[in-house]
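Good morning, and thank you for making time for this presentation. I shall go from the overall form of the chain to single residues, and I ask you to keep the picture in view.

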Amino acid sequence: MAMGYKARKRLALFVLAVGLPTYIVFAVTVMSGMMTREIRFPLAVEFVIYVILGIGWAFPLKWVFKGIGQPDPDADK
């Protein structure tokens, strides 16, 4: 069963307002837990990891955001 436009729009808003900040806190906590003052990734490796974490959340949720910026296709004209 496919989600309706309004349900996807609400889910997208929830993901952006609640899910994304939660994911950011989780990712930064995991990264900081892996590193200490004595043991740290090289700066280039750390940058690549943060870029992957920053982009990686969007791919599994692409279906939620697809078409959200368009007018509601189910609305009366």
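What radius of gyration does the protein chain have, and what would a compact globule of 77 residues have? The protein chain has 18 Å, while a compact globule of 77 residues would have a value near 11 Å. Please bear in mind that this is a predicted model.

Let us continue with the overall form. Along its principal axes, the C-alpha trace spans about 65 × 20 × 20 Å. The protein chain contains 3 helices and 0 strands. Read from the N terminus on, its elements run α-α-α. Of its 77 residues, 14% count as buried. The accessible surface of the protein chain amounts to about 6400 Å². Carbon and sulfur atoms contribute 71% of that surface.

Now turn to Val45, which belongs to helix 2. With a relative accessible area of 37%, Val45 is partly exposed. Val45 and Gly67 are 22 residues apart along the chain, and their C-alpha atoms are separated by 34 Å.

Is Arg8 buried or exposed? Arg8 counts as buried because its relative accessibility is 17%, and the cut-off for buried is under 20%. Which residues does Arg8 touch, leaving aside those up to four places away in sequence? They are Met3, Trp63, Val64, Lys66, Gly67 and Ile68.

Glu46 sits in helix 2, and its relative accessible area is 9%, so Glu46 is buried. Not counting residues up to four places away in sequence, Glu46 touches Met31, Met35, Arg40 and Phe41. One of these contacts deserves a further look. Side chains of opposite charge can pair when their charged atoms come close. How many salt bridges does the structure hold? The structure holds 1 salt bridge. Arg40 forms a salt bridge with Glu46, and the closest N and O atoms are 3.1 Å apart. The two partners are placed as follows: Arg40 counts as exposed, at 55% relative accessibility, whereas Glu46 is buried, at 9%.

Let us move on to the aromatic rings. A pair of aromatic rings is described by the distance of the centres and the angle of the planes. The count here comes to 1 aromatic pair. Trp57 and Phe65 form this pair, with 6.2 Å from centre to centre and 90° between the planes. Why is the pair called edge-to-face? The angle between the planes of Trp57 and Phe65 is 90°, and planes over 60 degrees apart count as edge-to-face. Phe65 has a relative accessible area of 27% and is therefore partly exposed.

My last topic is the surface. Which residues form a nonpolar patch there? Phe47, Val48, Val51, Ile52, Ile55 and Phe59 do so, and together they have about 620 Å² of accessible area. Among them is Phe59, which lies in the loop between helix 2 (43–56) and helix 3 (62–65). Phe59 counts as exposed because its relative accessibility is 59%, and the cut-off for exposed is over 50%.

To close, I would ask you to find two places again in the picture: the salt bridge between Arg40 and Glu46, and the edge-to-face pair of Trp57 and Phe65. Thank you for your attention.

Technical notes:
Residues are numbered from 1 along each chain as its sequence is written. This is a predicted model: local features need pLDDT of at least 70, side-chain atom pairs count only at pLDDT 80 or more; totals for chains, interfaces and linings use all residues. Side-chain values use heavy atoms; hydrogens and water are left out. Patches are made of residues with over 30% relative accessible area and no salt bridge: like charges are joined within 9 Å, nonpolar side chains (Val, Leu, Ile, Met, Phe, Trp, Tyr) within 5 Å. Accessible areas come from the Shrake-Rupley method with a 1.4 Å probe; for residues, only the protein chains shown count as cover. A salt bridge is a side-chain nitrogen of Lys or Arg within 4 Å of a carboxyl oxygen of Asp or Glu. Helices (H or I, at least four residues) and strands (E, at least two) are DSSP runs, numbered from the N terminus. Buried means under 20% relative accessible area, exposed over 50%, partly exposed in between (1.4 Å probe, protein chains only). Contact means heavy atoms within 4.5 Å. The radius of gyration is taken over C-alpha atoms; the globule rule is 2.2 Å times the number of residues to the power 0.38. Rings of Phe, Tyr and Trp (its six-membered ring) pair if their centres lie within 6.5 Å; planes under 30 degrees apart count as stacked, over 60 as edge-to-face and the rest as tilted.
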